[in-house]
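Please have a look at the structure first.

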Amino acid sequence: TADGGVTANLRKMDEVVRDAWSGIFSARTPEDEPQYERFAQRYRDLIKKTPMTRTPITAERLREVVKKKPEKGACGVDGWRMSELKRLPVSILKAFADLFNLIEETGQWPRQITTALVSLIPKGEGSAPLNHRPITVTSTIYRLWACTRLK
């Protein structure tokens with residue numbers, strides 16, 4: 001707690017962590033947010049325009065990506081494990097491929113896929129929030145899409 005005490009109250013723990021990290025994560029005000037126009041004007045000579053081609057994602061491509069991923073790993077906030085995705089039939093991977101292609105066409109992601117969980121990992125001595133570092137676990141389905149497009 002703020003006075004150095006310990007609490008088991010989840011809401012109080014959340015409040016203490018948010019208070020400690022808010023200055024770092026909320027350093028900007030909405031008026032101070034980065035603007036692409038200012039960035040582009042400042043760095044226009046360094047920005048190269050490269051046409052991007054997007055090939056549709058297929059069930060076969062998802063199978064290739066999933067095969068290369070390690071079995072172990074954190075369960076995503078969506079409840080999936082990579083080991084489970086490895087065992088899915090092609091028909092389900094095709095449904096995921098269709099979903100990813102639709103997302104890329106529309107730019108609209110389902111909230112369930114874009115939700116992430118932030119946990120604090122100790123980085124030193126003590127239990128104060130700033131003695132921990134945040135780590136974010138995303139959806140396994142999102143990670144599958146990201147790995148597919150990264151390659």
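What percentage of the 151 residues in the chain is made up of buried residues? Buried residues account for 21% of them, where buried means under 20% relative accessible area, exposed means over 50%, and partly exposed is in between, with a 1.4 Å probe and protein chains only.

Before I go on, this is a predicted model, in which local features need pLDDT of at least 70 and side-chain atom pairs count only at pLDDT 80 or more, while totals for chains, interfaces and linings use all residues. Residues are numbered from 1 along each chain as its sequence is written, and side-chain values use heavy atoms, with hydrogens and water left out.

The chain has seven helices and two strands, these being DSSP runs numbered from the N terminus (helices H or I, at least four residues; strands E, at least two). From the N terminus on, their order is α-α-α-α-α-α-β-β-α. The chain is more spread out than a compact globule, because its radius of gyration is 20 Å, well over the 15 Å that the globule rule gives for 151 residues; the radius is taken over C-alpha atoms, and the rule is 2.2 Å times the number of residues to the power 0.38.

Now to the rings. Ring pairs link Tyr-36, Phe-39 and Tyr-43 into a cluster; rings of Phe, Tyr and Trp (its six-membered ring) pair if their centres lie within 6.5 Å, and planes under 30 degrees apart count as stacked, over 60 as edge-to-face and the rest as tilted. Phe-39 and Tyr-43 are four residues apart in helix H2 (residues 36-43), so about one helical turn separates them. Phe-39, at 44% relative accessibility, counts as partly exposed, and Tyr-43, at 30%, counts as partly exposed too.
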